[in-house]
Amino acid sequence: MKIKNFIITFVSAIALILSTSSISFAKVVGDKIILGAAVSLTGKYSSNGVHTQNGYNMAVDRINSMGGIKVGGKTYKFDIIYYDDESNPKRAAQLAERLISQDGVEFMLGPYSSGLTKAMAPVTEKYGVPMVEANGASRSLFTKGYKYLFAVLAPANLYLDVAIRTAVELNGGKGVKIAQAFEQDAFSQDVRLGILDAAKETGSEIIIDDKLPKELNDMAATLAKVKATKPDVLVVSGHTKGALTAIRQIAEMKVDVPMLAMTHCDAAKLSKQHGKNSQYALCASQWHKTLTYKDKWFKDGMTYDADFTKMFGYAPPYQAAESSAALLVFKDAFERANSFDQKKVRDALAATDMQTFYGNIKFAPGGQNVSKPMVLFQVICDNSGKCENKVVAPLKWASAKLIHPIPKWSER
Amino acid sequence: MINKNLIIYLSVLIFGLAAPFIFPAFKVQLSILCVLIILAITWNIQGGEMGYNSFGNILFYGLGMYLCASVQVGMFFPLAEWTESGGEKTFVHTPAQFFQGFGVGLAVAAIVPTIVAGLIGYSILGLRGHYFAICTLGLGVAAGEISGGIEIIGAGQGFTTPPFPNIGSLEARGEFFYFCSFVSLILTFIVVKSIYSTRFKLVLNAIRDNEDKAEAMGIQTMKYKIIGWMISAFFCGLAGGIMGGLVGYIDSTDVAFDGREMGVFMVLMAILGGKGTLWGPVIGATIFHIFKEGFWTFFLGWQYVALGVLIVVIVIYFPEGIMGWLREKYPERFGEVVDEADRKAQVELK
């Protein structure tokens, strides 16, 4: 029965590994404020996870090089511990626990997507760790009574609300026929709820209401129905893959629809990947470089766009911009709290009222940012085939007029 | 010999009981380890002892997860309002409600999947080999898609399980879930060990080795196959219920019916440790979990590549698993009598 000896050795080996591997970081080491973040570097959200990480890194760089954070008369710099949550909520919850209890992190940045934020929020809330997140827009995040969760973005149900209202307006105030398809995840389902509300209020009718699978690669069935029923508006939401799939198949199947409203067009780099095929797509966005907000660190949207492009080699989608804004919020809160006490920082965060290049930031009691409206842009191409995202709503920032209805494929 | 065994079990027990206090920062990982071991041990009943490669055990795990959370909420509050995303109401469980709900939830999470296993087992355990594997693979995928469309359990929005009540210490939550999973693990181990010492295991092995012959011998193989699956389902459901509470958020395809990860992991762990043995899945799950956590820390972004390499290495160098490899290397330690002369004679015959 020597095998039992083996087991004993084995168990003690594990014990040894566990006891030696618990290297603990503290929240503030020397002149560093260490923030924890789990972002999706692999899995279905990996492209947006990278946008999020780049946004964070860009802001850390900028804040550190412009003098850092002044707390209690001393200057500190930001540093972030990253983990990969693999786009999996189970992993995200584990990593939140790990960042807090093993790495000793006392302040967190959010992951990408509502689902993952939903999984992490109960953990940060339990430990009283303030979390500023930039990529979890689901409305249900803000109705759970979380005290330590702050989101710099507008809730998901507002994403395409404007599109429906615009369509109704252009229809002479009469209700429109809506066809919609949404991925089965927390964010997209919330966008759907927003559309349902808007449809109810405007007397519009929903004629197709499809659910799309995660790992979205095909929505031909929905598009076939759209071709047959001829709705006034087609709404699609399913993160980056959803946007790419929709444009690809709409072009392949030559689906004519007067208005196509989507999310995640800029994260998917639609105009670059699909060129003229993506023309006329109407996209909800949290931010656009032409907006006129300003701050001290990034100056304005155009400068941010140029700096980001220089640093990472591609134009920043709004996911990156809002992630950068999260760091600015943290810096501001630390300085106003003038302390690293989690409660005081939390109270300072709750009292945030500032303008950043990304927009105004002020939190409602639920934690969502209420002072920044969504914008809608349309992909518009010129004769040479170069496509650009132009803001069409709200009118205050509009740099182009909405093209409606979308010309038929046969006339393009 | 009995004394020696007793010492082993006692030391594992003591280690298990003391672990959350010795390594307070690792409570969550340790709880997940217990859940993984339960899944590996129960998968081994089908995959190892019975020769039925099931990818469907994830069905019971996910079912248990949803059931436990639903019961825990539904006992005290309207479930539909809890899961409805735009709901402005916030419900808070009192400590008594939380624990009562969780207890009843766990019971339901164990019992209902057992019944489900009995029902579907009756219809699909007649399939053999690849057909059975493919069929069970479909079960998990289908369950994920179906649950993602049921509004009352949150559909695509996911289901946030009740937050742990504030009962003083911050450590209470971790300790509570650790002991839940540890006790379930002990329970699973004891039950599985005791059924392995009866005729039941011999019947399962007979089914694995030659099902037709077993039937010809007068064994009602169907009955045993179903009972075996029901036992697995009972503990998978229990493990799922605990995991749901531990993670705090249930998503249909990523957390509950997570065939891509958990469903594959349970097979891998059992194979790594050595299928068809009692300790194999335990050792396999432990090593797997340690490697996995290590990869996640040190190979950020490359963890799945590292995991893939590990799987290839396992298959090439340890096709029989760690226990199988040990048994081959040191047969006498497994109580096998080897006659050197006899062995040599056999080799020469070839």
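**Exercise 1. In which sense, left-handed or right-handed, does α8(B) pass α9(B) in their crossing?**

Before starting, note that this is a predicted model, in which local features need pLDDT of at least 70 and side-chain atom pairs count only at pLDDT 80 or more, while totals for chains, interfaces and linings use all residues. Residues are numbered from 1 along each chain as its sequence is written, and chains are lettered from A, with ligands numbered from 1, in the order in which they are written.

Solution. 
- Step 1: locate helix α8 (residues 199-216) and helix α9 (residues 221-247) of chain B, whose axes come within 10 Å and cross at roughly 135°; axes are lines fitted to C-alpha atoms, for helices over the stretch in contact, and angles run from 0 to 180 degrees between N-to-C directions.
- Step 2: α8(B) passes α9(B) in a left-handed crossing, a term used if the near helix is turned anticlockwise from the far one by less than a right angle.

**Exercise 2. Describe how α2 and α11 of chain B pack, and which residues meet.**

Solution. 
- Step 1: helix α2 (residues 27-50) and helix α11 (residues 259-273) of chain B pack at an angle of about 75°, with their axes 8 Å apart, and α2(B) is therefore roughly perpendicular to α11(B).
- Step 2: among the residues in contact (C-beta atoms, placed from the backbone, within 7 Å), α2(B) includes B:Leu36, B:Leu39 and B:Trp43, and α11(B) includes B:Met262, B:Phe265 and B:Met266.

**Exercise 3. Work out the strand order of the open sheet in chain A and identify its edges.**

Solution. 
- Step 1: seven strands form the sheet in the order β9-β8-β10-β11-β12-β17-β18, with mixed pairing; two strands pair if DSSP finds at least two bridges between them, and strands are DSSP runs (E, at least two residues) numbered from the N terminus, as are helices (H or I, at least four).
- Step 2: β9 (205-212) and β18 (387-393) of chain A stand at the edges, each with a single partner strand, so one side of each is left without a neighbour in the sheet.
- Step 3: the twist averages 25° from one strand to the next.
- Step 4: inside this order, β8 (residues 177-183) and β10 (residues 233-237) of chain A pair in the parallel sense over five bridges, and A:Ala179 stands opposite A:Leu234 in β10(A).

Key:
Angles under 35 degrees count as roughly parallel, over 145 as roughly antiparallel, 65 to 115 as roughly perpendicular and the rest as oblique. Two residues are in contact if their C-beta atoms, placed from the backbone, lie within 7 Å.
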